[in-house]
Amino acid sequence: MIFGSRFATLRSSGSKLFGAMTRSFSAVPQCVGEGERLRVLIDMDGVLADFEGGFLQKYKSTYPGEPFIELADRRGFWVSTQYGEIQPDLCEKSISIWESKNFFIELDPLPGAVEAVKEMANMKNTDVFICTSPIKKYDHCPFEKYAWVEKHLGKEFLELMVLARDKTLISGSLLIDDKPDISGVEPNPTWEHILFSACHNMHLQLRAPQRRLHSWADDWKLILDSKRQ
């Protein structure tokens, strides 16, 4: 298989990826040339793992007497902000859910995510990295993110994980992420942000040339092909 034979290349690519974190980029995201490798960065929570569904289920079981927000009524990336608008103490209570042990490891994969990422990793001239931001309370989150990837994607994908609080520092061709606004110290990231649809961002109207991937049943291959010349 292409995937199994490419890990020496990916390790080298991974070294270049981290090396890129120390450089400054000013170029607008461009297409890759013929025969060049396309680097795809894929977020975890809300893109591969069902963060919103997992949160709501655990929140309701932990705080059965408290009000909650149905997924169809979610607005805004930060769950804790919307819960805090209902009543102030719900902000901290919501945060306590994803800070708790086993929250991240127990998240279900989103439909089609595992199959799509595995297929993408086997595509010619394509490097895939799982690019995820761990929460600041690090007792459980970083370990469980690695454990989730090993459980659902396999040990070989542990080589492809990048944990970064600031994704603008990571070089790539595409970043598939459910967060609408991704900012950091680098004002001109090398990647094009593809907004992955989630309950909290479905109401947003994107302005051209921004693009959206509605789900893993959507034509993600067309998006990748659009970045190849």
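Is phenylalanine 103 buried or exposed, and what is its relative accessible area? Please continue from there to its surroundings.

A: In this predicted model, phenylalanine 103 has a relative accessible area of 2%. Buried means under 20%, so phenylalanine 103 is buried. Phenylalanine 104 is buried as well, with a relative accessible area of 3%.

The two side chains also form an aromatic pair. The ring centres of phenylalanine 103 and phenylalanine 104 are 5.1 Å apart and the ring planes stand at 85°. Planes over 60 degrees apart count as edge-to-face, so this pair of phenylalanine 103 and phenylalanine 104 is edge-to-face. In total, the model has eleven aromatic pairs. Phe103 and Phe104 belong to one aromatic cluster, together with Phe51, Phe55, Tyr59, Tyr63, Tyr83 and Trp98. One further ring contact involves a charge: the charged end of lysine 60 sits over the ring of phenylalanine 68, at 4.5 Å from the ring centre.

Asparagine 102 lies in the loop between H5 and helix H6 (113-121). The relative accessible area of asparagine 102 is 30%, so this residue is partly exposed. Most residues other than glycine have a negative phi. A positive phi, of about 55°, also occurs at asparagine 125, again not a glycine. Asparagine 125 is placed in the loop between H6 and S2.

All seven of the seven residues of S2 are buried, so S2 is largely enclosed by the rest of the structure. On one side of S2 the buried residues are Thr126, Val128, Ile130 and Thr132, and on the other they are Asp127, Phe129 and Cys131. Strand S1 (residues 38-42) is mostly covered too, with five of its five residues buried. From S1, Leu38, Val40 and Ile42 point one way, while Arg39 and Leu41 point the other way.

Leucine 41 stands opposite phenylalanine 129 of S2, and isoleucine 42 has isoleucine 130 of S2 as its bridge partner. S1 also pairs with strand S4 (residues 174-177), in the parallel sense and over three bridges; here valine 40 is the bridge partner of leucine 174. S2, for its part, is joined by three bridges to strand S3 (residues 161-163), and this pairing is parallel. Across it, cysteine 131 stands opposite valine 162.

The largest pocket holds about 930 Å³ of space. It is lined by 43 residues, of which Asp45, Phe77, Trp78, Ser133 and Asp178 are the closest to its centre. Helix H3 (51-62), helix H4 (79-86) and helix H5 (89-99) are the elements that give two or more residues to this lining. By class, the lining of the largest pocket comprises 18 nonpolar, ten polar and 15 charged residues.

Histidine 203 and glycine 76 are 127 residues apart in sequence, while their C-alpha atoms are 9.6 Å apart in space. Proline 209 has its place in the loop between S5 and S6 as well, and the peptide bond from alanine 208 to proline 209 is cis, with omega near 10°. Most peptide bonds are trans.

As for the whole, the protein chain has eight helices and six strands, and along the sequence these follow the pattern α-α-β-α-α-α-α-β-α-β-β-β-β-α. Of the 229 residues in the protein chain, 49% are buried; phenylalanine 103 is one of the buried residues.

Methods: Residues are numbered from 1 along each chain as its sequence is written. This is a predicted model: local features need pLDDT of at least 70, side-chain atom pairs count only at pLDDT 80 or more; totals for chains, interfaces and linings use all residues. Side-chain values use heavy atoms; hydrogens and water are left out. Buried means under 20% relative accessible area, exposed over 50%, partly exposed in between (1.4 Å probe, protein chains only). Helices (H or I, at least four residues) and strands (E, at least two) are DSSP runs, numbered from the N terminus. Two strands pair if DSSP finds at least two bridges between them. Rings of Phe, Tyr and Trp (its six-membered ring) pair if their centres lie within 6.5 Å; planes under 30 degrees apart count as stacked, over 60 as edge-to-face and the rest as tilted. A charge sits over a ring if NZ of Lys or CZ of Arg is within 6 Å of the ring centre and within 35 degrees of the ring normal. On a 1 Å grid over the protein atoms alone, a cavity is a set of points where a 1.4 Å probe fits but cannot get out, and a pocket is an open set with protein on both sides within 12 Å along at least five of seven lines; lining residues have an atom within 4 Å of a point. Grid points are joined across faces, edges and corners, and a volume is the space filled by probe spheres set on the points. Ala, Val, Leu, Ile, Met, Phe, Trp, Tyr, Cys and Pro count as nonpolar, Asp, Glu, Lys and Arg as charged, and the others, Gly among them, as polar.
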